[in-house]
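Colleague: I've got this model open and I'd like you to walk me through one part of it slowly. Could you take your time and keep it plain?

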Amino acid sequence: MLSKTALQRASAANTRALFTKQSVRAASAWSNVPQGPPDAILGITEAFKKDSNPKKINLGVGAYRDDKGKPYVLPSVREAEQKVVKQNLDKEYAGITGVPDFTKAAALLAYGPNSAAIDEKRVVITQSISGTGALRIGGAFLQRHYPGAKEIYIPTPSWANHKAVFADCGLDVKQYRYYNKDTIGLDFDGMVADIKAMPKGSIVLLHACAHNPTGVDPTEEQWRQISDAVKEGNHYPFFDMAYQGFASGDTNKDAYALRYFIEQGHQPCLAQSFAKNMVRSLQTVIQIHS
């Protein structure tokens, strides 16, 4: 007869064997998952961390840093944060479209206090998780409900996540000319020519300001011509605005393109992020005009 200790040992061994088999089975279920492509920006950040040069500067991420290279939170953001803390708010669910006071304030910042679209209640807003979440919601909505072609044109180059996010939404991602390496500036003629050559009713992604990754933006006159080209092709503009206030230091000036398009009768989609200009990664919205 086996002792109690021997039985316990045998039971433990069987349990370990069972867990091992289950682990092997679980691992094999994911054995065909391919390695994701490396992120170029994060790769630069990793190289920065490994560099021992005391004078190194990381320009790979669009965020504030102090003289020592540490993350810098704006005093205005700190003050606003303390005001929220002092309100001792509850932790109740915000609702499916987010916190109403926040989405209303976000809309006013994007469109301005005298926006007819807001006054006429033609803007539908939902809060999301950072800029990527807003793009995903907008892309998925257009893939399901946009009556035109399920194609979206992004600039060359564009933020690396744009192509991946929209492709995962089921949209066919194509590109239009934007940056001229020879002049280190905007390829305006190529951009407008490509927009005019797109199939009628195409979706066009536009960086509202501080184009990522080049930092090259159209002038106000050029934006007016871009609006004309988009309208001529009956295209649908999708604005990504992640740097409002970063390009010029003026939030109103940086919103010029978006506001002008609306004045001209466009009904754009807007992914609006505060991860950079207000260092608030979780406060982002997606807005649809009717």
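Is Lys 121 buried or exposed? And once that's settled, please take a close look at helix 9 and what surrounds it.

Modeller: Happy to, and keep in mind throughout that this is a predicted model. Lys 121 is exposed, because its relative accessible area is 74% and anything over 50% counts as exposed. You'll find Lys 121 in the loop between helix 5 (116-119) and strand 1 (123-128). Its backbone is worth a glance too: phi of Lys 121 is near 55°, a positive value in a residue other than glycine. For background, most residues other than glycine have a negative phi, and most peptide bonds are trans. Ile 184 also has a positive phi, of about 55°, without being a glycine. Ile 184 sits in the loop between strand 4 (179-180) and strand 5, and with a relative accessible area of 61% Ile 184 is exposed.

Now for helix 9, which covers residues 220-232. The buried residues of helix 9 are Gln 222, Trp 223, Ile 226, Ser 227, Ala 229 and Val 230. If you look down the axis of helix 9, those buried residues fall within an arc of 165°, so they line one face of the helix.

For a detail on the helix 8 side, go to Lys 196, which lies in helix 8. Leaving out residues up to four places away in sequence, Lys 196 touches Ala 229 and Glu 232. Ala 229 is one of the buried residues of helix 9. The C-alpha atoms of Lys 196 and Gly 233 are separated by 6.3 Å, although the two residues are 37 apart along the chain.

Leading in, Pro 213 is found in the loop between strand 6 and helix 9, and the peptide bond from Asn 212 to Pro 213 is cis, with omega near 20°. Just after helix 9, Asn 234 takes a positive phi of about 55°. Elsewhere, a cis peptide bond joins Thr 156 and Pro 157, with omega about 0°; Pro 157 is in the loop between strand 2 (151-156) and helix 7 (160-168).

The axes of helix 11 (residues 256-263) and helix 4 (residues 100-111) come within 8 Å and cross at roughly 85°. Helix 4 and helix 11 are therefore roughly perpendicular to each other. On the helix 4 side the contact uses Leu 108, Leu 109, Ala 110 and Tyr 111, and helix 11 brings Leu 258, Arg 259 and Ile 262. Sorted by type, the residues of this contact are 6 nonpolar, no polar and 1 charged.

How values were computed
Residues numbered from 1 in each chain as written. Predicted model: local features only at pLDDT ≥ 70, side-chain atom pairs only at ≥ 80, totals over all residues. Heavy atoms only, no water. Axes fitted to C-alpha atoms, helices over the stretch in contact; angles between N-to-C directions. Helix = DSSP H or I, 4+ residues; strand = E, 2+ residues; numbered from the N terminus. Parallel < 35°, antiparallel > 145°, perpendicular 65-115°, else oblique. Contact = heavy atoms within 4.5 Å. Nonpolar A, V, L, I, M, F, W, Y, C, P; charged D, E, K, R; others polar. Expected span 1.5 Å × (residues − 1). Buried < 20%, exposed > 50% of the residue type's maximum accessible area, 1.4 Å probe, protein only. Arc of directions from axis to C-beta.
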